[in-house]
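Have a look at the structure, then run through the points below.

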Amino acid sequence: MKKLTSSKLKSPKLIVNKVNKNIRLALYVAVIATLTACLGSKQYSNTAEVINNHLANTPIKPNKIVTSVTDKRQYLSIILPNQLQVILISDPTVKKSAAALSVAVGSYQEPNGFGGLAHYLEHMLFLGTKSYPKVGDYSVFLSRNGGFDNAYTQVDHTNYMMTVNNNAYPEALHRFSGFFYEPLLSVKYADKERNSVNSEWTMKSPDDEVILEQLNGTTLNPNHPISQFNWGNLETLSDHGERKLQTQLVNFYNKYYSANIMKAVLISNLPISELKKLANTYFAVIPNKNIAKPQVMVSAATPAQLKKIIHYLPQTDMKALSLKFVITDNSDQFALKPNKYVSYLLNNEMPGALAPTLRNMGLIENLSSYVHPTEYGNSGNFSIEVKLTEQGVKNKDKIIGVIFKYIDLIKNKGIDQKYFTEIKQSLNNSFRFKEKIADYAYAWDIAAELQFKPTNYVLSGDYEYQHFDSKAISNVLAQLTIDNVRIFYIDKKQPVNKKMHFFKGQYSVEDITVNKIASWQQAAAKVELNLPATNSLMPKNFALVTAKYTNKPKALINEAGLNLYLGHSRYFKQPKGSFIANFNSSLNDKSPRNAVMAALLAKGLDLALMPLKTEALAAGMRLDFYNSKGVTLVVDGFTDQQENLLARTYNIIRSYQLSENELANLKAAYLSEKASAKKKMLLRQLFPNLSLLMNLSSFGDKSLLAEVKGISIKEITAFRDQLLQRTHLNIFAFGNYSEQQAIKNARLLKSLLPKNRQYAKLYQEALFHPQAGTVVNWQQEADLTDMAFVDVLLQPLSVKQHASVKVLSQILSPALYNQIRTEEQLAYAVGFFNRVLPDQLMMGFYIQSSVKGPAAVAKRIELFKQGFVKTLAQMTPKEFSTIKQSTLVTLTQPPKNLNEESSSFYQDWRQQKFVFDSKIKLIAAVKNVTLADINGLYQSSVSANNYGRVVVQMRGTNFKDKPFTDFEKVEQVVNIDAFHSKSL
């Protein structure tokens, strides 16, 4: 768990909520000057209405910010006197306000030798300001007022965000804005944050995706900043002779953190006039140094780096191809979308297109393309990513030949207005019915987008498709050539002769020769390809049904073998909904062999459904299919075509037939995934191991792997038939479904099942219930360097205890983070969490550390737990009241979208709690929680006498000589299957 997202994450996501202390606001008085620019908002349901006869190569510029017709928020863009642009968003419905600020500087501007300096500065800004110098106080303030914070560093910008309860917003803005004009950047915490950045790098550096991103830069132009190491570690973030780290840090901040290259977003329930005042009060004081927006002037690639094959030996059993093209920056053509057009055809899964053709040949699992037009600052990256089967590893020549053959097909016959019309319709539908997201994420996204898009189009830019421009499309396709490609071969058999600095990655580079090109062309010569057919799932009817069941879902069908629950939205009028059908069965969990067959079947069906999933996605629907108490089918999005989609999906499932070659590929993929799982970041292993231990219906890898080889096609087909023959159909529908429509869809699925179906009661996996006062300990050696453990307490589920834990978490989490991570630098990832199981309450601590072994880390966590008893006892009733109220605000704030609204009902449905009242009961219980309840709960948890305790420890190679932590009255788990058998 982390406070700051990595500088390498393209789509940064918040992991955890943080908590904070209420400190009296000391208003900073700033001069409020006349605003130099203002923009309001204007709504368009279809941009075609305002774009008739557009002939220019640049997007039309409406006078206002373009918003969706469903968006009722008020927007205004202002330029403060210091030239800092701020987007103000007033939404009277929100109970939490948010803010974000981006700076147009990132890793590309780091001085040579100080890789990670921008990332390190991002960390340092959180460690106190002149107005609020106490380290950790910012996070404590936010958390105790229902909020949290995050940030990330990218190559071309850095972005900071926070959210907090509305009543604490002014003080939160005062604290937040201070990062950008009065940070302490204290030398006292320099070593600690160096260790934090180093710990983050250590934790993530074994990840193949991280290594490949660095390898991409390493093999590009060595004079371009993409080639530099920009994660940061103890070697790069140190003094280099006369060049002192602290001096470099301060100079970097002073040079680049200038108001005129910053973009901010404020979202609150306040009216626009009040948000203007807040913006001027807290952000106009940020200095304007009048610097030019940083630019990259060096080419990302010269001919010396192009037309290459790069062989990479992965850490996991990864099997992939990656084709990367350096393309001209065409981000100014966002409203013409030539990149989107080409990617749409490359990603299309219609019969005869690229991916299904290669998949039908047994060569690939998945193929996708993505484009980042400014990835290298002054140029972009167009990538085609291919996940290979075992057979595909042996046939790379054919795959590459077919890819280039398909690109040529698009060039010659694929630039067609009908695809433009289809893409435009999809984008228009998405924007017309665009749903809200969490305000902190919304602020974050807008603050970043403002660095790259015109203000008018900051909301609609990704959806604008104003004009079919065949020349723009041709210009992109003209760059997707062998002369401009760099192809990464990724699997365990690759020849390598070079080692990467700071990473375990090994690689080699070779030229693409004339003979190699000829071999690609020859291998693909007889492969037939077709351009995609028209999408048949585009919605046409957006009519809304009458919402009846808005308080909680109602059982519409409750009969032998079929249950249907339907809920309607209280908040949203959207022609969308989620239809989730669990083909409920215990068959998967009867034996290790059944578990493997279920996994192989699910993987095979997922691949078979890929064309339909992709078609559905383009039409505004999501189709998902996975193992869960039998199999679960999920369809959500526009409801108009869902009946059609459900029927087509089930018919694929029912008629699915494997070939020997497909089965061999599925088995190889299964074995590969099992092997690769042991190479993942330890936190990604830790919680699956905890789930494995807790789920008594699951099996250990040893018994699963022993079954793989002998499974036949006949067995899997019989398994599929038996599963459908014995399934109990349990359905949860939420959204734009009438009773008749929901029942019709449910009856449709039932009618497609075998007529002589035999079904049992609804099945729920058996979970481990530890006895109070006992400890179950599972310790495991890990192939990676760090250590990790999770230590949880369990007791019978009580809504009062659940409510107490919810409030406790807001007090404990920031204190734990500040002490263990910030002050002691024991770990980058550390946290406290709670979870509700069907009839148990779980709460506990987790950590991944590169500093000390398991026993030493566990001892330090235990000392923290003991010391926090006194901290909690000193809490005042006023402080507690603020925290409890913050918890209630979080629980009662209106949902942002349909999925958020339905989530608590969905969780009840999954746990077969069909009264659908868990959240209502929790809110009522939180209202009655007292400070004495919290103290009693915590003291009880420290002694642990009233709880069962489960501990999972993982010891990496750097701590082989360090002991695991031990316990009195402990049950050691040596064999997971034997433990499960004993516990059932």
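This is a predicted model: local features need pLDDT of at least 70, side-chain atom pairs count only at pLDDT 80 or more; totals for chains, interfaces and linings use all residues.

Helix α16 (residues 592-608) packs against helix α21 (residues 701-708) at about 70°, with the axes 8 Å apart. Numbering starts from 1 along each chain as its sequence is written, and side-chain values use heavy atoms, leaving out hydrogens and water.

- On the α16 side, Pro592, Arg593, Ala595 and Val596 make the contact (heavy atoms within 4.5 Å).
- By class, that's five nonpolar, one polar and two charged residues.

**The seven-strand sheet**
- This open, mixed sheet runs β12-β13-β11-β14-β10-β16-β15, where strands pair if DSSP finds at least two bridges between them.
- Its edge strands are β12 (364-372) and β15 (498-499).
- Strands β10 (308-313) and β16 (506-511) run antiparallel, joined by six bridges.
- Isoleucine 309 has glutamate 510 of β16 as its bridge partner.

**The six-strand sheet**
- Here the order is β17-β18-β22-β19-β21-β20, open again and with mixed pairing.
- β17 (554-559) and β20 (621-627) each have a single partner strand, so one side of each lacks a neighbour in the sheet.
- Eight bridges link the antiparallel strands β19 (576-584) and β22 (728-735).
- In β22, phenylalanine 734 is the bridge partner of serine 578.

Conventions. Axes are lines fitted to C-alpha atoms, for helices over the stretch in contact, and angles run from 0 to 180 degrees between N-to-C directions. Helices (H or I, at least four residues) and strands (E, at least two) are DSSP runs, numbered from the N terminus. Ala, Val, Leu, Ile, Met, Phe, Trp, Tyr, Cys and Pro count as nonpolar, Asp, Glu, Lys and Arg as charged, and the others, Gly among them, as polar.
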